[in-house]
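I will write down each thing as I look it up.

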Amino acid sequence: MTLTELKYIVAVARAKHFGHAAEACFVAQPTLSVAIKKLEDELGVLLFERGGSEVSVTPLGAQIVAQAERVLEQTAAIKELAKQNKDPLAGPLRLGVIYTIGPYLLPPLVKNLIDNVPQMPLVLQENFTHKLLELLRQGELDAAIMALPLPDHGMAVQPLYDEPFIVAMPKHHPWAKRKEISAEDLKSETMLLLGAGHCFRDQVLEVCPEMARFSAPGGGTGMQRTFEGSSLETIRHMVASGIGLTVLPRASVTDLSESNGLLAYVPFTRPAPSRRVVIAWRKSFTRRAAIDAVMQAVSECHLPGVEMITYEAAA
């Protein structure tokens, strides 16, 4: 049994296709197939069921693949320990960010890291929370910036900042001049939401449960109508066209009193609904100084309207 063979079976389990797995491993498909067959013969078990265009993992194979992922992660940790002895900030850091944070945090964050730790470039990926956690567990990411609550994950987590929500509406909406809006007020409005899979959608539905009842099968009462969009910026343009109102994270709006444009932004009545943004990483990840560098860079981003959370860097 070799580490290369373990890498191959993990790749096939993820891709569910021998050809795609071979491409991901930068080897010819026959090379990968022969190596996996050799490992199956050595273990005396069938890891994959071959049939049709898609490959499925056998129940025992799933357990072996999970163990192989842990072995590969620990192998990577050995290499990281060697690097850390030299410089834990040297080399790329693979960072994931959820879609509703990336566009607003990444531009200042990347600039700060270039200024502070130019020897540690970021390799960035935007995705959904559940996918980022999966990539963290698989060792494909080193850290990820997400919003609470998180499903069971087993990761180390450090809070970064608290971000309130605000209401966005067409500039000529009757509420545009109001000082604040309560969640109760939104019952009578047409609301625009992100599509399923976005954690920000779930957080907004906690603020306005009526929207959840309306968008559920069979409809509901109280909320006129809801529309779903693929991104906050798509929804912002829909609001500007007069289709309805939406709820946005505060960092997505530079200036609430902005007089130009087609939108007006009004805060929620205090205590405003909000989300806590955190950074998560595997407990076995050895470059803690790199995580501290990211947290320090986030604290220097000066995001509008958010409350940064102080932290103590690891000794």
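Predicted model: local features only at pLDDT ≥ 70, side-chain atom pairs only at ≥ 80, totals over all residues.

**Entry 1, helix α10.** With that cut-off in hand, I looked up helix α10, and its buried residues are A290, I291, D292, A293, V294, M295, A297 and V298. I then asked which elements these buried residues pack against, and I found β3 (93-98), α5 (102-116), β5 (143-147), β6, β11 (274-281) and β12 (307-308). I also checked the length of the helix: its 12 residues (288-299) should span 16 Å at 1.5 Å a residue, and because the end C-alpha atoms are 17 Å apart, the two values agree.

I next looked for nonpolar cores, and the largest has 76 residues, with L109 and I145 making the most contacts inside it. Strand β6 (residues 156-170) gives the most to this core, namely eight residues. Apart from it I found another core, of 20 residues, which includes Y8, A11, A35 and L39.

I picked out F165, which has its place in strand β6. Is F165 buried or exposed? Its relative accessible area is 1%, so I wrote it down as buried. I also noted that F165 and P273 are 108 residues apart in sequence, while their C-alpha atoms are 5.8 Å apart in space.

I turned to the open spaces, where the largest pocket has a volume of about 880 Å³. It is lined by 30 residues, of which L72, R94, Q138, G139 and E140 are the closest to its centre. Helix α4 gives the most to this lining, with nine residues, and by class the lining divides into 12 nonpolar, six polar and 12 charged residues.

I counted three cavities of 30 Å³ or more. The largest holds about 60 Å³ of space, and β7 (191-194), α7 (199-207), α9 (232-240) and β9 (245-249) each supply at least two residues of its lining. That lining has eight nonpolar, one polar and one charged residues. The second largest cavity holds about 50 Å³, and its lining has five nonpolar, five polar and no charged residues; among the residues that line it are I98, Y99, N127 and H198.

Conventions
Residues numbered from 1 in each chain as written. Heavy atoms only, no water. Core = buried A, V, L, I, M, F, W, Y, C linked by side-chain atoms within 4.5 Å. Buried < 20%, exposed > 50% of the residue type's maximum accessible area, 1.4 Å probe, protein only. Helix = DSSP H or I, 4+ residues; strand = E, 2+ residues; numbered from the N terminus. 1 Å grid on protein atoms, 1.4 Å probe; cavity = no way out; pocket = protein on both sides within 12 Å on 5 of 7 lines; lining within 4 Å. Points joined across faces, edges and corners; volume = space filled by probe spheres on them. Nonpolar A, V, L, I, M, F, W, Y, C, P; charged D, E, K, R; others polar. Expected span 1.5 Å × (residues − 1). Contact = heavy atoms within 4.5 Å.
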